[in-house]
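These are my notes on a single structure, taken in the order in which I looked things up.

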Amino acid sequence: MLEAAQPQGSTSQPPQNTVIPLPSCWDQSFLTNITFLKVLLWLVLLGLFVELEFGLAYFVLSLFYWMYVGMRGPEEKKEGEKSAYSVFNPGCEAIQGTLTAEQLERELQLRPIVGR
């Protein structure tokens with residue numbers, strides 16, 4: 001049982017002692033502080049607009065802004081990620097947990113499940 005000697009620099013395996021740095025507590029508290037400040041600013045502006053009698057308009061426009069910011073573009077989709085809408089997936093494949101029409105009919109009419 002002889003093993004072939006390999007030079008030190010030609011190994012194909014990565015080093016075993018690699019450490020992946022975790023996000024520090026400071027980073028998380030900074031994001032929390034920024035979020036808190038944004039909410040506080042929004043509340044102050046809401047109070048100002050209520051005094052100016054434009055509170056409802058400010059609130060509705062804020063909702064539209066949050067919806068716009070919350071939506072992702074197609075370029076932000078990860079590789080292999082499926083859409084919640086099955087028509088946009090290859091082969092119209094539904095994601096796990098989706099209620100299909102066949103399943104609903106089975107459950108409402110108490111049909112036996114095929115394959116059991």
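I take a residue as buried when its relative accessible area is under 20%, as exposed when it is over 50%, and as partly exposed in between. The model is predicted, and I read every entry below with that in mind.

Entry: tyrosine 58. I looked up its accessibility first. The value is 14%, so tyrosine 58 counts as buried. I then checked its ring against that of phenylalanine 49. The two centres lie 4.8 Å apart and the planes meet at 10 degrees, so I record this pair as stacked. Phenylalanine 49 itself is partly exposed, at 27% relative accessibility.

Entry: the other aromatic rings. My search of the whole structure returned four aromatic pairs. One of them joins tryptophan 42 and phenylalanine 59; I noted 6.1 Å centre to centre and 55 degrees between the planes, a tilted arrangement. Tryptophan 42 belongs to helix H1 (residues 25–51) and phenylalanine 59 to helix H2, so this pair ties together parts 17 residues apart in sequence. Tryptophan 42 is buried at 18%, whereas phenylalanine 59 is partly exposed at 33%. I also found that Trp42, Phe49, Tyr58, Phe59 and Trp66 make up one aromatic cluster.

Entry: helix H2. Which residues of H2 are buried? I listed Gly55, Tyr58 and Ser62. Their arc around the axis is only 60 degrees, which places them on the same side of H2. Leu56, Leu61, Phe64 and Tyr68 are exposed on the other side of H2.

Entry: annotation. I consulted the UniProt record, an unreviewed entry, which annotates residues 39–68 as "transmembrane region". In the model I found this span to be 90% helix and 0% strand, with its end C-alpha atoms 17 Å apart.

Entry: charged side chains. Side chains of opposite charge can pair when their charged atoms come close.

Methods:
Residues are numbered from 1 along each chain as its sequence is written. This is a predicted model: local features need pLDDT of at least 70, side-chain atom pairs count only at pLDDT 80 or more; totals for chains, interfaces and linings use all residues. Side-chain values use heavy atoms; hydrogens and water are left out. UniProt positions are given in the numbering used here, feature names are shortened, and annotations may be inferred rather than shown by experiment. Helices (H or I, at least four residues) and strands (E, at least two) are DSSP runs, numbered from the N terminus. Buried means under 20% relative accessible area, exposed over 50%, partly exposed in between (1.4 Å probe, protein chains only). The arc is that of the directions from the helix axis to the C-beta atoms. Rings of Phe, Tyr and Trp (its six-membered ring) pair if their centres lie within 6.5 Å; planes under 30 degrees apart count as stacked, over 60 as edge-to-face and the rest as tilted.
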